There are 2 protein chains.
Amino acid sequence: MTTFTQHLDAICDTNQTLLCVGLDPDPTLLPIKDVAEFNKAIVDATHDLVCAYKPNIAFYEALGLPGLEALQKTVQHIRDVNPSIIILIDAKRGDIGNTSAAYAKALFEVWDFDAATVSPYLGSDGLQPFLEYKNKGVFILCRTSNPGAKDFQDLVVVPKESRENARPLYEMVAISALEWNKSGNVGLVLGATYPEELKAVRDICPDLPFLIPGVGSQGGQLEQAVQLGVNALGRRALINSSRGVIYASTGVDFQEAARCAASNLRDSMNKALRFEGLT
Amino acid sequence: MTTFTQHLDAICDTNQTLLCVGLDPDPTLLPIKDVAEFNKAIVDATHDLVCAYKPNIAFYEALGLPGLEALQKTVQHIRDVNPSIIILIDAKRGDIGNTSAAYAKALFEVWDFDAATVSPYLGSDGLQPFLEYKNKGVFILCRTSNPGAKDFQDLVVVPKESRENARPLYEMVAISALEWNKSGNVGLVLGATYPEELKAVRDICPDLPFLIPGVGSQGGQLEQAVQLGVNALGRRALINSSRGVIYASTGVDFQEAARCAASNLRDSMNKALRFEGLT
């Protein structure tokens, strides 16, 4: 069986890219009304430039059941275009064991997504049901890209066994993630907006796949995100852009503009890799 | 405008109850196949005994779009029976600001739930969009009922301003919740399975509403949960039972069994309150 990490490495190699495009339909920005048609146009314009698409399920839920139907059509279209592209659902789920099992079933069986983001707050038994899907990627929130990330994730934890080993909470999450990675299916979410924290976690977890949102409209620097985010072989980073690609233009030329933005992002990332001798 | 807390107090007074019934359809336990019909039967049998119903959205998502349609019918039926009963969606959502705004819109506008559970991991800007719905209850995960709660929630953290005030993470969440409660709409989730932690947080937050799951099949003691969970007036605790009520029998008598279980729970809680001189 192919592990999730092997699946990820293969599509990154095939399309020579670290780019993940976020498919977040915002009714105030959509150039055409039909969400499924919009996503289809974006996918048609970008599928050879990406390793993954990342729909954030919140934006579909905000549209009610028709939003979820549009997501279903989008998933089907991506499968039709190229079944090797990873569909990573950004859902940040997490609950107690039997409830996480229901979420995992929803995301990995009913929807059949390849990977999902999950929240670590409920601890190991809340994550276990996701991890049991050995060929699915489980990206655990570690150090997120938003200002409020500081509120709890940065709090310094004093371990019981030794006051010397004080570390921020997000590093404790990263250490746990390493332990949970029995099947090559654990990843972490690290915001590009906080390069020092990204570097610290890459030092702890040299080979875990990182989902790195926050470049572009959130202010993260692309080259830095690539150089700090990849493993020693220049892989294992999914650099996400949502608004920067899909709303590159909100006019009639949105499809060409999205392709142009995605292509520029991929080229800049590959240039950053070459600069480090990593292609 | 009625605050969420006033809404909660009113229905608790009217139905003389702290009981919240969790509506979690598990296909392996359902006595009848149709989820909406099952929920309708449970609501018909228990609506005068509860202050709230708490569907956990994971169980509906695991059934695909038909599951969400069943949830929609269930919500409508509860509104028809008694619009004062609180519908608290257990969803544990939380993301960066603009995405949390989409989740909040989904839960509080599209679905029109009265309250929701949310995760604190992303910090204040991730919770703000929920809090802006001033008449909706926002129950922040604090100290959950599961074994993995210890993994991160119990870690002792040191606030930047003062190394003397080291506290477990869940207490830091409770302190933040107090600050965020500008509109009488913030609550916390505290597992009945951990009475000491429940007591510690009630001491920090004397009047916030607490959602208290974990009595019954998870092993929490009912009387203790009531006595430690309520405020000084014997209110502000939603004591949740899911499996213990809705699957009290999985045979043809499930409706009578659910009523009997709910009635016993309510009576035991009220007895515990009377024992403390709180009725």
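Here are some questions and answers about this predicted model of chains A and B.

User: How are residues and chains labelled, and what pLDDT do local features need?
Analyst: Residues are numbered from 1 along each chain as its sequence is written, while chains are lettered from A and ligands numbered from 1 in the order in which they are written. In this predicted model, totals for chains, interfaces and linings use all residues, side-chain atom pairs count only at pLDDT 80 or more, and local features need pLDDT of at least 70.

User: What is the mean pLDDT of chain A?
Analyst: In chain A, 99% of the residues reach 70 or more. For the complex, the predictor gives an ipTM of 0.96 and a pTM of 0.97. The mean pLDDT of chain A is 96.

User: Which element gives the largest share of the side of chain A that touches chain B?
Analyst: Let's start with the contact itself: 46 residues of chain A are in contact with 47 residues of chain B (C-beta atoms, placed from the backbone, within 7 Å). Elements giving two or more residues to the chain A side include α3 (57-61), α4 (65-81) and α5 (97-110) of chain A; here helices (H or I, at least four residues) and strands (E, at least two) are DSSP runs, numbered from the N terminus. The largest share, 7 residues, comes from α5(A).

User: How many residues on the side of chain A that touches chain B are nonpolar?
Analyst: The classes work like this: Ala, Val, Leu, Ile, Met, Phe, Trp, Tyr, Cys and Pro count as nonpolar, Asp, Glu, Lys and Arg as charged, and the others, Gly among them, as polar. On this side of chain A, 15 residues are polar and 7 charged. The nonpolar residues number 24.

User: In what order do the 4 strands of the open sheet lie?
Analyst: Two strands pair if DSSP finds at least two bridges between them. Here 2 bridges join β6(A) to β6(B), which run antiparallel, with V156(A) opposite V158(B) and V157(A) opposite V157(B). The edge strands, each pairing on one side only, are β7 (167-168) of chain A and β7 (167-168) of chain B. The order is β7(A)-β6(A)-β6(B)-β7(B).

User: What do the 8 strands of chain B close into?
Analyst: Their order is β1-β2-β3-β4-β5-β8-β9-β10, with parallel pairing. One pair is β3 (residues 86-93) with β4 (residues 115-118) of chain B, joined over 3 bridges, where L88(B) stands opposite A115(B). The 8 strands close into a barrel.

User: Why are α2(A) and α12(A) described as oblique to each other?
Analyst: Axes are lines fitted to C-alpha atoms, for helices over the stretch in contact, and angles run from 0 to 180 degrees between N-to-C directions. Angles under 35 degrees count as roughly parallel, over 145 as roughly antiparallel, 65 to 115 as roughly perpendicular and the rest as oblique. The axes of α2(A) and α12(A) come within 9 Å and cross at roughly 45°. The two helices are therefore oblique.

Technical notes:
Two residues are in contact if their C-beta atoms, placed from the backbone, lie within 7 Å. pLDDT is the predictor's confidence in each residue, from 0 to 100.
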